[in-house]
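Have the viewer open as you read.

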Amino acid sequence: MNENWTRLNAVIKWAGMTANFFAHHIGLPCGENLYQIKRGNNGISRDVAERIVLKFPDISKAWLLTGEGSMFATASTTASQIPFYNLDAEVALNGEQLGEPQFRMFVPQVGDCDIALVYNGRAMGKITPAGTIIFLKRADVDAIIPGDEYVVVGKKFTALRKVRKMKNSPDINLVAGDRKAFDDMEIAKEDIVKLYHVVGKLSVNN
């Protein structure tokens with residue numbers, strides 16, 4: 001087993017990039033340097049390791065070079081793994097206990113979030129197609145960002161929508177992405193049980 005490539009590939013997957021894009025991102029002129037490591041012709045050089053940790057300071061340079069210790073330089077990075085459930089968000093967040101996640105995701109571009117679920121609805125149309133993985137952060141009703149997407153868990157329904165505050169009313173307007181097929185909805189603030197801000201999305205193109 002090529003242990004150098006195993007470590008390097010783990011970082012590439014954690015970053016959510018292809019090998020070529022990763023090479024350009026860390027400042028290599030092409031992906032050939034990485035493919036030489038993959039073929040076993042080269043190890044991870046100090047230069048490559050330094051380029052990686054310059055762009056991804058969470059990664060341990062010592063681990064890259066030797067394989068000893070943890071992939072991450074700090075324990076906080078390990079704790080920031082996102083629990084992923086292969087469940088429909090509009091169903092899973094409706095009060096049931098989720099239990100153990102299927103696995104935990106490393107998506108540094110997403111930033112701070114609480115959970116990752118799948119959106120299987122149709123109301124958001126092309127904005128958030130069915131099958132999209134959505135990354136959610138628990139939010140306060142009084143801190144709504146108008147125009148952003150939220151999963152709104154109400155007393156009578158749970159829905160992913162764009163959220164807007166209504167003029168001259170404390171109620172919240174919920175707007176579908178596909179407004180031709182789905183009407184706007186309104187919900188009173190006191191009827192919102194939980195609110196999750198969509199802080200990132202991952203779409204898989206078949």
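This is a predicted model: local features need pLDDT of at least 70, side-chain atom pairs count only at pLDDT 80 or more; totals for chains, interfaces and linings use all residues.

Residues are numbered from 1 along each chain as its sequence is written, and side-chain values use heavy atoms, with hydrogens and water left out.

H1 covers residues 3-15 and spans 19 Å from first C-alpha to last, close to the expected 18 Å (1.5 Å times one less than its number of residues). At its start, a side-chain oxygen of Asn2 comes within 3.2 Å of the backbone nitrogen of Asn4. Just after H1, Gly16 has a positive phi of about 70°.

Several H1 residues are buried, among them Trp5, Leu8 and Val11 (under 20% relative accessible area, 1.4 Å probe, protein chains only). The largest nonpolar core has 25 residues (buried Ala, Val, Leu, Ile, Met, Phe, Trp, Tyr and Cys joined through side-chain atoms within 4.5 Å). H1 gives this core its largest share, 6 residues. A second, separate core of 17 residues includes Ala89 and Val151.

Now look at Thr158, in strand S6 (strands are DSSP E runs of at least two residues). Why does Thr158 count as buried? Because its relative accessibility is 12%. Its side chain makes a polar contact with that of Asn94 at 3.1 Å (N or O atoms within 3.5 Å, one able to donate a hydrogen and the other to accept it; residues adjacent in sequence count only if both atoms are side-chain atoms).

How values were computed. Helices (H or I, at least four residues) and strands (E, at least two) are DSSP runs, numbered from the N terminus. Buried means under 20% relative accessible area, exposed over 50%, partly exposed in between (1.4 Å probe, protein chains only).
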